Amino acid sequence: MNKSNLRKISTINDELDLKLLFFIAKKNMLFLLAFILLAVASSFVYLRYTPPVYQTSSVLQISTEDQAKSILPTKTFFDDDIAKQIELMRSQVFIQRALERLPLETSYYSKGSFLNFELYRNSPFKVQANVKCPSIYGIPIFVDFIDEKKVVLSYEINSRTHRKEEVRVGETVSFTEADMEIEIFNFRAIDEQQSVFSKNSYFFVLNNPKTIAEKYADDLKINVLSSAAKTVQITFEGNNAQKASDIVNAIAEEFGIYELEKKTESADKILSFIDSQLDMVFAKLSESEIELEQFKQQHQINETKPSPLPSIIDRISDFETQIIHLEMEESIYRQIEENLKKDDETDIYSLVAILSGSEFQDNISRMLSNLQELLLEREKLLYEVTPSSRQISSLDHQIDIQKKIIIESIGSLKNNINSRKEELKNKIAQYEQHVLNQRGQYSHIEFSRLQRVHSINERFYNQLVEKKAEHSISKAGFVSQSVILESSRTPGKPIAPKPRNVYISSLLAAAFLGIGVILLKYLFYNEISSLSDVTKYTNASVLGVIPKYKKEIPPNQLLVSKKPKSIIAESLRAIRTNLQFINNDPGSKLISVTSTISGEGKTFFSMNLAGILAFSNKKVIVIDLDMRKPKIHKGFNVNNLKGISTILSGIDNVDECIQSSNVKNLDFITAGPVPPNPSELIISNNMNEMINWLKDKYDFVIIDTPPVGIVTDGMKCLLMADYPIYMFKANYSKRLFIQNLNRLIIDNKISHLSLVLNAIDYEFSSYGYGKMYSYQGYKGYGYDFGYYDDSDFEPGKFRKIMNRLKNKLTI
């Protein structure tokens with residue numbers, strides 16, 4: 001045998017073996033069943049203890065229309081961007097306002113067998129509470145009803161129980177954290193509930209009004225259905241169907257009200273600004289009118305007389321008009337600057353409205369829009385982090401920078417306005433000085449100036465009155481066109497958990513897990529399952545195979561004497577026949593049986609092979625050389641007081657240790673007491689002398705040697721043997737054990753070493769009964785002819801099913 005010709009032994013199964021796969025599946029079927037049972041049980045528990053989740057939605061069309069435009073064209077200052085409107089509905093301020101319409105300040109619950117149920121709008125009692133300490137928020141407060149007029153209140157905070165006995169209904173009871181008053185509406189329902197759950201049947205929770213919006217915001221979803229139609233869908237998921245429906249409807253209804261109020265508020269601020277300007281201009285108009293009349297009377301000026309130097313006076317009038325407009329610009333910028341310097345929230349819409357008509361409206365409006373985006377981003381981020389977080393601090397820094405940029409820009413504009421005003425005033429002074437230099441024209445020039453000032457103030461006052469009228473009409477004509485296209489209805493069925501989906505998913509997971517375990521075990525199955533697993537990796541001679549005994553092997557392992565017509569007995573006869581092909585020389589033969597580790601069946605094989613040889617009128621003796629772990633004495637049901645160890649130690653003679661069995665021509669020698677030096681005893685001359693003496697007396701000397709994979713005690717006997725035999729056990733011996741067999745043949749030059757595969761499971765093995773015995777050279781009656789007495793080897797269900805399928809396919 002050449003090492004280079006041998007196939008490398010893999011630690012994993014790199015080839016598909018369906019029979020081995022079926023065998024492993026059958027062997028691990030309990031895992032799959034356990035996973036399925038666990039999946040069903042876990043699904044049942046999950047469905048029992050998981051609160052149902054209900055989903056409800058409403059469809060809202062967002063649109064605004066200014067009815068005043070049909071009467072008077074006015075400019076709108078309100079943003080109709082659907083994305084910004086959705087952000088408004090998602091904001092904590094708006095959600096907080098919408099939820100104030102609902103009875104969410106107190107949550108009421110009743111106790112159930114597995115779950116607690118919220119009694120939203122259906123509670124048989126009501127609580128009025130005045131919270132004095134916020135630590136009571138979110139704490140279950142239990143109510144035990146003594147009768148219709150008395151209750152017991154109790155709760156626990158920081159492992160400290162607070163309890164009030166016999167609290168009268170309708171009267172206020174004071175705790176450290178809150179004052180409470182109980183009202184009962186339906187004592188009959190309370191009595192029925194308490195008859196099932198005698199204690200703590202009801203409890204309620206006081207909710208913090210500042211965190212209600214945050215509590216429900218995560219379950220609220222607002223999505224655009226159609227950008228063209230400006231329709232959005234408001235969806236909410238919750239454990240109470242009625243509450244979920246009410247929250248969606250409250251948000252949809254509140255949007256129209258909130259939108260109208262915010263835009264009306266912006267219009268009011270514009271009108272307030274116009275009123276302040278009207279008062280200022282009216283005062284100037286009145287003053288100029290009085291001065292004009294006084295000047296006319298004093299100088300007796302006739303208004304019909306033409307004024308001298310009309311072109312110069314017109315220029316002065318134009319300069320003064322520009323100064324008034326610049327003062328208006330300056331007043332607008334001053335108001336925006338004052339609003340930005342305030343610490344409270346800035347109304348960007350009102351500031352943009354105030355800018356209407358100003359010279360630098362676009363630039364400042366763009367800066368204000370950037371500021372508004374930062375404010376919205378900050379408000380949205382507050383849902384996820386605390387006000388003291390790093391993200392909020394970063395946004396606050398950006399907001400401050402943006403405000404400073406706007407204020408600095410406004411300051412620069414104000415400086416430019418003042419420069420232009422000074423320039424215009426200088427020009428007016430120059431023209432007036434030129435007019436004064438004209439003799440006799442002072443009175444007419446001064447009168448023209450007063451007329452001009454009065455005319456400018458009057459014209460500006462009229463413009464402000466017109467603007468006020470326009471914005472008043474716009475305010476009156478503004479109507480929210482946000483329409484609820486589909487109101488939310490109370491859902492009848494929860495969307496989760498769905499029993500069918502839960503059971504299917506858990507069963508699929510169990511099946512995948514079970515199949516995964518089977519595939520992993522198949523992939524890493526490193527045990528010899530069939531004879532082909534051995535022959536793939538070695539060129540050693542196959543002496544035969546022994547089928548698996550379905551029942552537990554009895555203490556007396558000599559089965560061939562009890563069941564001489566069994567499959568095991570017949571397989572051993574086939575091995576006896578095959579021994580002749582290895583060595584058929586005349587004379588006594590030495591058979592040495594070994595294995596890699598203990599438990600591979602070498603003792604069972606040695607005893608039963610000895611029995612089969614004894615049946616053929618051969619004198620046979622079995623020697624238990626495994627002095628570390630002796631078993632022969634158990635198989636023959638005798639004591640182990642003397643044997644091989646005492647013989648090799650020179651304590652006893654061989655004749656004194658030979659014992660006879662119940663089978664004719666079959667003797668045995670037990671291992672004897674465990675010696676301290678079994679290896680030294682085996683390699684001694686006494687061992688050689690004993691073997692030679694026994695060979696002179698017996699036809700076959702069978703030695704049950706220690707496993708060579710553990711100790712080297714049996715190596716000498718393998719080298720001396722006429723029939724060295726190496727045992728493997730199906731589905732027990734590892735494939736790597738074949739390397740030991742090859743090493744003995746190649747390195748130790750035991751070329752005639754043959755192997756026997758023990759405990760073959762014929763249901764899954766590559767060899768059935770017929771194939772197995774055909775390979776072993778047995779030509780006789782088959783299993784189907786009823787020759788064998790094999791009640792202990794009846795095929796299992798798998799083999800029966802396969803045989804039926806085979807018969808049907810054959811027909």
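**Charged side chains in the model**

Asp-219 lies in the loop that runs between helix H6 (212–217) and strand E12 (220–226). The model is predicted. Asp-219 has a relative accessible area of 34% and is thus partly exposed. Together with Glu-214, Asp-218 and Glu-237, Asp-219 makes up a patch of negative charge on the surface. Members of such a patch have over 30% relative accessible area and no salt bridge.

Elsewhere, charges are paired. Side chains of opposite charge can pair when their charged atoms come close. The structure contains 19 salt bridges.

One of them joins the side chains of Glu-87 and Arg-90, at 3.4 Å from N to O. These two residues are three apart in helix H3 (residues 82–90), so about one helical turn separates them. Glu-87 is partly exposed at 24% relative accessible area, and Arg-90 is partly exposed at 32%.

Another salt bridge connects the side chains of Arg-121 and Asp-246, with an N to O distance of 2.7 Å. This pair links distant parts of the chain, 125 residues apart: Arg-121 sits in the loop between strand E4 (117–118) and strand E5 (125–131), while Asp-246 belongs to helix H7 (residues 241–299). Asp-246 is buried, its relative accessible area being 12%.

A further salt bridge is formed by Asp-533 and Lys-536, whose closest N and O atoms are 3.9 Å apart. Asp-533 is buried, with 5% relative accessible area, whereas Lys-536 is partly exposed at 30%. Salt bridges can also share partners: Arg-97, Arg-101, Glu-253 and Glu-254 are joined in this way into one network.

Definitions and conventions. Residues numbered from 1 in each chain as written. Predicted model: local features only at pLDDT ≥ 70, side-chain atom pairs only at ≥ 80, totals over all residues. Heavy atoms only, no water. Patch = residues over 30% accessible without salt bridge, like charges linked within 9 Å, V, L, I, M, F, W, Y side chains within 5 Å. Areas by Shrake-Rupley, 256 points an atom, 1.4 Å probe, with all protein chains shown as cover. Salt bridge = Lys/Arg side-chain N within 4 Å of Asp/Glu carboxyl O. Lys, Arg positive; Asp, Glu negative; His and termini not counted. Charge placed at Lys NZ, Arg CZ, Asp CG, Glu CD. Helix = DSSP H or I, 4+ residues; strand = E, 2+ residues; numbered from the N terminus. Buried < 20%, exposed > 50% of the residue type's maximum accessible area, 1.4 Å probe, protein only.
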